[in-house]
Amino acid sequence: MMDFRQFIQRGKVISMYRKFMRLTKRIADKQTRLETRQWIKEDFHRHAGQEDPARIDVLLAQANRHYKELESGVFSML
């Protein structure tokens, strides 16, 4: 059974995953887009079993930084 904090964190993780996937739609090169999507999926799946709330917060912060880096890179490709 999930407690409230876990429930909130789960929502944040799902939201971050969706943000990454939406961002990949802006990548013009099909092969690069597919590779990027695969990298994102593997990274999220690798940490899927993580249960420590503090570690999840750290992973979310890292994901947010990676998202911003990827976003600035995608916009520079346009």
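Predicted model: local features only at pLDDT ≥ 70, side-chain atom pairs only at ≥ 80, totals over all residues.
Me: How many helices and strands are in the protein chain?
Reply: The protein chain holds three helices and zero strands, where helices (H or I, at least four residues) and strands (E, at least two) are DSSP runs numbered from the N terminus.

Me: At what angle do the axes of α1 and α2 cross?
Reply: They cross at roughly 170° and come within 9 Å, with axes being lines fitted to C-alpha atoms, for helices over the stretch in contact, and angles running from 0 to 180 degrees between N-to-C directions. The two helices α1 and α2 are therefore roughly antiparallel to each other, a label for angles over 145 degrees.

Me: Which residues make that contact?
Reply: On the α1 side they are V13, M16, Y17, F20, M21 and T24, and on the α2 side R33, T36, R37, I40, K41 and F44, where contact means heavy atoms within 4.5 Å.

Me: Switching topic, how many aromatic pairs are there?
Reply: The structure holds three aromatic pairs, counted when rings of Phe, Tyr and Trp (its six-membered ring) have centres within 6.5 Å. One of them joins Y17 and F44, at 5.1 Å centre to centre with 80° between the planes, and is edge-to-face, the word for planes over 60 degrees apart. Y17 lies in helix α1 and F44 in helix α2, 27 residues apart.

Me: What about the largest pocket, how many residues line it?
Reply: It is lined by 27 residues, with V13, F44, H47, A48 and I56 nearest its centre; a pocket is an open set of points on a 1 Å grid over the protein atoms alone where a 1.4 Å probe fits, with protein on both sides within 12 Å along at least five of seven lines, and lining residues have an atom within 4 Å of a point.

Me: Which element gives the most to the lining?
Reply: That is α1, with nine residues.

Methods: Residues numbered from 1 in each chain as written. Heavy atoms only, no water. Parallel < 35°, antiparallel > 145°, perpendicular 65-115°, else oblique. Phe/Tyr/Trp six-rings, centres within 6.5 Å; stacked < 30°, edge-to-face > 60°.
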